[in-house]
2 protein chains.
Amino acid sequence: MAITVVGSVAFDTVETPAGRYERQLAGAATYFSLAASFFTDVRVIAVVGEDFGPEQEAVFKARNIDTTGIERAAGKSFFWEGSYLENLNEAKTHNTELNVFATFNPQIPDSYRDSEFLFLANIDPVLQRRVREQMPHVKLVAGDTMNYWIKDHKPALLEVLKGLDLLLINDTEARMLAGNDNLLQAARAVMTMGPRMLVVKHGEYGATLFERAAPEAHRTECFRAPALPLEEVVDPTGAGDSFAGGFFGYLASQAELTPAVFRRAMFYGSVMGSFACERFGTERLQQLTRAEIDERFKIFRELTHLD
Amino acid sequence: MAITVVGSVAFDTVETPAGRYERQLAGAATYFSLAASFFTDVRVIAVVGEDFGPEQEAVFKARNIDTTGIERAAGKSFFWEGSYLENLNEAKTHNTELNVFATFNPQIPDSYRDSEFLFLANIDPVLQRRVREQMPHVKLVAGDTMNYWIKDHKPALLEVLKGLDLLLINDTEARMLAGNDNLLQAARAVMTMGPRMLVVKHGEYGATLFERAAPEAHRTECFRAPALPLEEVVDPTGAGDSFAGGFFGYLASQAELTPAVFRRAMFYGSVMGSFACERFGTERLQQLTRAEIDERFKIFRELTHLD
């Protein structure tokens, strides 16, 4: 089943201990759709500027990603500059230019309207909500956000949360959103805000899926997927978005959303996040094959498997 | 098979967000032996002062732990005071008094000499080495250490590492010991210092077992055990030592040390660490039953299990 994703298609300048690149294709929706494209059909909604040319378009086309919903506007694409020189787990932002995103009003192409899965990648919650409202009948809707929206745009974000089945955020964001340092208590609090499921990403330690249990169960269901200790983390940019793409892409590829399917989706998310870190920018996702993904899935399974 | 453990038997004063206790029985060897005692026979080597009375002795006796090797000396027992008010993952030390440990010269009782497993809990590496040298024929020897010894007593510590099969430390310690921020590279470096296996504890995210592979394998074997998101972390003191006790205790209870046994040992370690955090000090370990341990082992297994 097809996924529609809304989020940034952007250019990044990034410096890591392994090197530096300038104004390369990036953005949450780009990482997400590349990762998800190995599992199912993906349709993107975004806005780009005049700097987005055939070279960038070709990256999406090579993975059969539908770009009908990528609007071209006068001006420059969203731009982010950051570094991970002191800490590979946390980016230091040097510059953010919204550019064409500042006045973006997302429109859903008619050809996207039968998408059964909707992903609201990390952008202004006002835009996330507008897309959600235009696609009321999807089977599953998930979203991401970040500390900036939690801190300074909470009312708008809370409106988005009401319309989500599942939220994917990291540890710090979960604790900040709930105002509670205990992860389990924070997860429960977030799941009273709308989403009945929450994926908390722990960076190099994997991720946890929480699910609201029936009130009489007196417990919260949870499941942990590991991350693989990597030989070298070249560039962590987009790892979380790639996790989301692998996770959601796998879900969308399955006929039924059983608990076992959600568990495997967590592992596929972790697999795609691990690939994203191995090269600069989207390079590794562009070169990847499904056989490599399945091979690494087996390694991840072995990583925590008891006979 | 019996385990001999050398380490601190001490008194702690601890403050956590959940409360405070004063001068309660604690110490690495205490937590370790309580946790290991659910799996096998445990024999302790330590020194205590005149403040160690029948009340403390009874805690060991209730779990059938052999205290023949706990020497009584004039003066006070080792004392530590710390808090976890800002960060439950890292203790802030307010006071450390070595007291009777300052002049300790560990002696191995004859009745301990047939122990097949030896654990060198976190103490001065000079003492760890002395015990190791007196027990050259054990089947498996593992040890723990901490940032203080890595930073200021590295030559003595490196001598200890040469005599270990397995080292158990946390993330920060592994990176500090290897001088490398990448966990996999750090693990490989540590495994050139002596131990052929390394367990790195990740606090609330579980732990990873690394094993030196044959040179022709071109890879490092690794295995991850999760930790359970806890309702409330009352007191993290001793969680790492309890992990070690569960891990090593389970190994010692098994006839053969196969890879599958090491994997299950990692899960039992994680289980015992999770119990330790649920009450102040050693309280939870004192009340625990084997049935509760096996029940939680099942929950941990489900936590990462794919069909």
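Helix α1(B) passes helix α8(B) in a right-handed crossing. The model is predicted. The two helices span residues 28–36 and 239–252 of chain B, and their axes come within 7 Å. The crossing angle is roughly 40°. Angles under 35 degrees would count as roughly parallel, and the roughly perpendicular range begins at 65. α1(B) and α8(B) are therefore oblique to each other. On the α1(B) side, the contact is formed by B:A28, B:Y31, B:F32, B:A35 and B:A36. The α8(B) side contributes B:D241, B:S242, B:A244, B:G245, B:G246, B:F248 and B:G249. By class, this contact holds 7 nonpolar, 4 polar and 1 charged residues.

Chain A has a contact between its own helices α1 (residues 28–36) and α8. Here the axes come within 7 Å and cross at roughly 40°. α1(A) and α8(A) are therefore oblique to each other. The crossing is right-handed. Residues A:A28, A:Y31, A:F32, A:A35 and A:A36 of α1(A) meet A:D241, A:S242, A:A244, A:G245, A:G246, A:F248 and A:G249 of α8(A). The contact divides into 7 nonpolar, 4 polar and 1 charged residues.

Helix α8(A), residues 239–252, also packs on helix α9(A), residues 259–276. The angle is about 145°, and the axes lie 7 Å apart. α8(A) passes α9(A) in a right-handed crossing. From α8(A), the residues in contact are A:A239, A:S242, A:F243, A:G246, A:F247, A:Y250 and A:L251. They meet A:V261, A:F262, A:R264, A:A265, A:M266, A:Y268, A:G269, A:S270, A:M272, A:G273 and A:A276 of α9(A). This contact comprises 12 nonpolar, 5 polar and 1 charged residues.

At 1% relative accessibility, B:A276 falls under the 20% cut-off and so counts as buried. Beyond four places in sequence, B:A276 touches B:D235, B:G238, B:A239, B:S242, B:G281 and B:L285.

Helix α3(B), residues 125–134, has the buried residues B:P125, B:L127, B:Q128, B:V131 and B:R132. These cover an arc of only 155° around the axis, which puts them on the same side of α3(B). An α-helix has 3.6 residues a turn, so residues three or four places apart point the same way. The cover over the buried residues of α3(B) includes strands β1 (3–6), β4 (42–48), β8 (117–120) and β9 (140–144) of chain B. Helices α4 (147–152) and α5 (154–162) of chain B are also included.

B:M197 lies in strand β11 (residues 197–201) of chain B. Its relative accessible area is 1%, so B:M197 is buried. Leaving out residues up to four places away in sequence, B:M197 touches B:D165, B:L166, B:L167, B:M191, B:L209, B:F210, B:E211 and B:F262. B:R20 is 177 residues from B:M197 along the chain, and their C-alpha atoms are separated by 37 Å.

A:T96 belongs to strand β7 (residues 92–97) of chain A. Its relative accessible area is 44%, which means that A:T96 is partly exposed. Beyond four places in sequence, A:T96 is in contact with A:F78, A:F79 and A:W80. The C-alpha atoms of A:T96 and A:E81 are separated by 6.4 Å, and the two residues are 15 apart along the chain.

Two loop asparagines have positive phi values. A:N99 has a phi near 50°. A:N99 sits in the loop between β7 and β8 (117–120) of chain A. Its relative accessibility is 28%, so A:N99 counts as partly exposed. The phi of B:N64 is about 60°, although B:N64 is not a glycine. B:N64 is placed in the loop between α2 (54–62) and β5 (66–72) of chain B. At 68% relative accessibility, B:N64 passes the 50% cut-off and therefore counts as exposed.

How values were computed:
Residues are numbered from 1 along each chain as its sequence is written. Chains are lettered from A and ligands numbered from 1 in the order in which they are written. This is a predicted model: local features need pLDDT of at least 70, side-chain atom pairs count only at pLDDT 80 or more; totals for chains, interfaces and linings use all residues. Side-chain values use heavy atoms; hydrogens and water are left out. Axes are lines fitted to C-alpha atoms, for helices over the stretch in contact, and angles run from 0 to 180 degrees between N-to-C directions. Helices (H or I, at least four residues) and strands (E, at least two) are DSSP runs, numbered from the N terminus. Angles under 35 degrees count as roughly parallel, over 145 as roughly antiparallel, 65 to 115 as roughly perpendicular and the rest as oblique. A crossing is left-handed if the near helix is turned anticlockwise from the far one by less than a right angle, and right-handed if clockwise. Contact means heavy atoms within 4.5 Å. Ala, Val, Leu, Ile, Met, Phe, Trp, Tyr, Cys and Pro count as nonpolar, Asp, Glu, Lys and Arg as charged, and the others, Gly among them, as polar. Buried means under 20% relative accessible area, exposed over 50%, partly exposed in between (1.4 Å probe, protein chains only). The arc is that of the directions from the helix axis to the C-beta atoms.
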